[in-house]
Amino acid sequence: MSYELIIKENSNIKNFIIEESEAELALYEAIDTLQLWMGADWMRNAKDRLNKSFNTFEKELETKGKTELGYNIMLKKKK
């Protein structure tokens with residue numbers, strides 16, 4: 001299955017395509033991508049929220065087909 005990670009920064013939009021069989025694996029890859037793209041400082045600031053909300057993100061991704069990982073950061077299933 002394909003997922004799309006969308007990061008909006010001001011007027012710039014960066015898209016990443018993630019190929020994974022399960023929502024949980026797509027979330028892990030999205031978080032790894034965010035750490036690489038946004039940097040270690042962003043990851044340190046977001047780590048607690050991401051850990052606490054991981055199950056919520058996974059359920060939203062499975063049921064709604066998308067979830068918001070942070071301000072202007074969206075992970076969604078591609079059709």
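This tour moves through the structure from the sheet to the helices, the core, the turns and the aromatic residues.

The model is predicted, so local features are reported at pLDDT of at least 70 and side-chain atom pairs only at pLDDT 80 or more, whereas totals for chains, interfaces and linings use all residues. Residues are numbered from 1 along each chain as its sequence is written, and side-chain values rest on heavy atoms, with hydrogens and water left out.

**The sheet**

Begin by selecting the strands. Four strands make an open sheet in the order β2-β1-β4-β3, with antiparallel pairing. Two strands are taken as paired if DSSP finds at least two bridges between them. The edges are held by β2 (12–19) and β3 (66–70); each has a single partner strand, so one side of each lacks a neighbour in the sheet. On average, neighbouring strands are turned by 20° against each other, direction ignored. Axes are lines fitted to C-alpha atoms, for helices over the stretch in contact, and angles between N-to-C directions run from 0 to 180 degrees.

Next, select β1 (residues 2–9), which is joined to antiparallel β2 by eight bridges. Serine 2 faces glutamate 19 of β2. Further along, isoleucine 7 has lysine 14 as its bridge partner in β2 and isoleucine 73 as its bridge partner in β4. Between β1 and β4, also antiparallel, there are five bridges; leucine 5 is partnered there by leucine 75. Leucine 75 of β4 also stands opposite threonine 67, within the antiparallel pairing of β3 and β4 through four bridges.

**The helices**

Now display helix α1 (residues 23–38), which lies across β1, β2, β3 and β4 (73–77) and runs at about 30° to β1. Helix α2 (residues 40–63) lies across β1, β3 and β4, and runs at about 170° to β3.

**The core**

Which residues touch the most other members of the largest nonpolar core? In this core of 21 residues, they are Leu5, Leu69 and Leu75. At least two residues of the core come from each of β1, β2, α1, α2 and β4, and α2 provides the largest share, seven residues. A nonpolar core is a set of buried Ala, Val, Leu, Ile, Met, Phe, Trp, Tyr and Cys residues joined through side-chain atoms within 4.5 Å. Buried means under 20% relative accessible area, exposed over 50%, and partly exposed in between, with a 1.4 Å probe and protein chains only.

Centre the view on leucine 69. Neighbours within four places in sequence aside, leucine 69 is in contact (heavy atoms within 4.5 Å) with Leu5, Leu27, Ala30, Leu34, Arg49, Leu50, Phe57 and Leu75.

**The turns**

Move to asparagine 10, in the loop between β1 and β2. These strands form a hairpin with two residues between them, and asparagine 10 in the turn has a positive phi of about 55°. Is asparagine 10 buried or exposed? With 84% relative accessibility, asparagine 10 counts as exposed. Then select asparagine 72, which takes a positive phi near 65° in the hairpin of β3 and β4, where two residues lie between the strands.

**The aromatic residues**

Finally, show the aromatic rings. The whole structure holds two aromatic pairs. Rings of Phe, Tyr and Trp (its six-membered ring) pair if their centres lie within 6.5 Å; planes under 30 degrees apart are stacked, over 60 edge-to-face, and the rest tilted. Phenylalanine 16 and tryptophan 37 have ring centres 5.6 Å apart and planes at 70°, so this pair is edge-to-face. The pair links distant parts of the chain, 21 residues apart: phenylalanine 16 in strand β2 and tryptophan 37 in helix α1. Phenylalanine 16 counts as buried at 19% relative accessibility, whereas tryptophan 37 is partly exposed at 42%.

Lastly, select lysine 14, which lies over the face of phenylalanine 16 at 5.4 Å from the ring centre. The criterion for a charge over a ring is NZ of Lys or CZ of Arg within 6 Å of the ring centre and within 35 degrees of the ring normal.
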